[in-house]
Amino acid sequence: MALAAAAAHLGCVLLGALHVDLQRAGRLGRGVAYYGALSGADSSYNFFAPSVGALPWARFQVTDARGRRIDDVLESGANPEAQLRIRSLVALFVTEEDASMRRSLAASWAGKVLARYPGAESVVARVEICDLPSMQEYRDDKRPAWNLIYEAKLVRQHRPPAAPQENGAP
């Protein structure tokens, strides 16, 4: 029985690698497609294919009032799902064409990073993408390199303390 289950799963993997659309194959096909989605057997396994894009990364350099610098990233290491969401946001940033949307996202990220460092004065937000050479380029001595896509310096806005209200409440 275990051998039959393993063979069926391997068949789903093969169908996924061949990009077979099982949704049109009736109830059985939809059931197999559902199983493939749940198990990951439909993932196509083309990680090393030429169509796989480079990995974008958001990095931040925080500077405090004394000029000390701290490097940080958005990822917290909390769990793989959170990491995936953050990576997806960074990937969307790379494809976003609206400059004001990019600025808004960078400011939001910088605000999150600044919140971790109450004494920080500024943060430089950088979005970079790793340029991975093909195997032939690698054999010809080309090496991976980080290419800067976006950079912005954001400065913490200092607000004066709120004036006391007439009833004495802060």
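What does the accessible surface of the protein chain come to, and what share of this surface belongs to carbon and sulfur atoms? It comes to about 12400 Å², with 59% belonging to carbon and sulfur atoms. The model is predicted. The protein chain holds 5 helices and 4 strands, and from the N terminus on these elements run α-α-β-β-α-α-β-α-β.

**Chain as a whole**
- Of the 170 residues of the protein chain, 24% count as buried.
- Among the contacts in the protein chain with a separation of 6 or more, 59% are accounted for by residues 24 or more positions apart.

- An open sheet is formed by 4 strands in the order 2-1-3-4, with antiparallel pairing.
- Strand 2 (69–73) and strand 4 (145–155) each have a single partner strand and stand at the edges, so one side of each lacks a neighbour in the sheet.
- On average, and with direction ignored, neighbouring strands of this sheet are turned by 25 degrees against each other.
- Strand 1 (residues 56–64) and strand 3 (residues 120–131) run antiparallel and are joined by 9 bridges.
- Within this pairing, Arg59 stands opposite Arg126 in strand 3.

**Helices on the sheet**
- Helix 3 (residues 80–95) lies across strand 1, strand 3 and strand 4, and runs at about 100 degrees to strand 1.
- Helix 4 (residues 99–116) also packs on the sheet, where it touches strand 1, strand 2, strand 3 and strand 4.
- The direction of helix 4 makes about 75 degrees with that of strand 4.

**Nonpolar core**
- The largest nonpolar core has 18 residues, of which Phe60, Leu74, Trp109 and Val123 touch the most other members.
- Strand 1, helix 3, helix 4, strand 3 and strand 4 are the elements that give two or more residues to this core.
- Helix 4 supplies the largest share of this core, with 5 residues.
- Leaving aside residues up to four places away in sequence, Trp109 touches Ala58, Phe60, Leu74, Leu89, Val90, Phe93 and Val127.

**Gln61**
- Gln61 has its place in strand 1.
- Does Gln61 count as buried or exposed? Its relative accessibility is 19%, and the cut-off for buried is under 20%, so Gln61 counts as buried.
- Not counting residues up to four places away in sequence, Gln61 touches Arg69, Ile70, Asp71, Ser122, Val123, Val124 and Arg126.
- One of these contacts, Val123, is also among the core residues that touch the most other members.

Conventions. Residues are numbered from 1 along each chain as its sequence is written. This is a predicted model: local features need pLDDT of at least 70, side-chain atom pairs count only at pLDDT 80 or more; totals for chains, interfaces and linings use all residues. Side-chain values use heavy atoms; hydrogens and water are left out. Two strands pair if DSSP finds at least two bridges between them. Axes are lines fitted to C-alpha atoms, for helices over the stretch in contact, and angles run from 0 to 180 degrees between N-to-C directions. Contact means heavy atoms within 4.5 Å. Buried means under 20% relative accessible area, exposed over 50%, partly exposed in between (1.4 Å probe, protein chains only). Accessible areas come from the Shrake-Rupley method with a 1.4 Å probe; for residues, only the protein chains shown count as cover. A nonpolar core is a set of buried Ala, Val, Leu, Ile, Met, Phe, Trp, Tyr and Cys residues joined through side-chain atoms within 4.5 Å.
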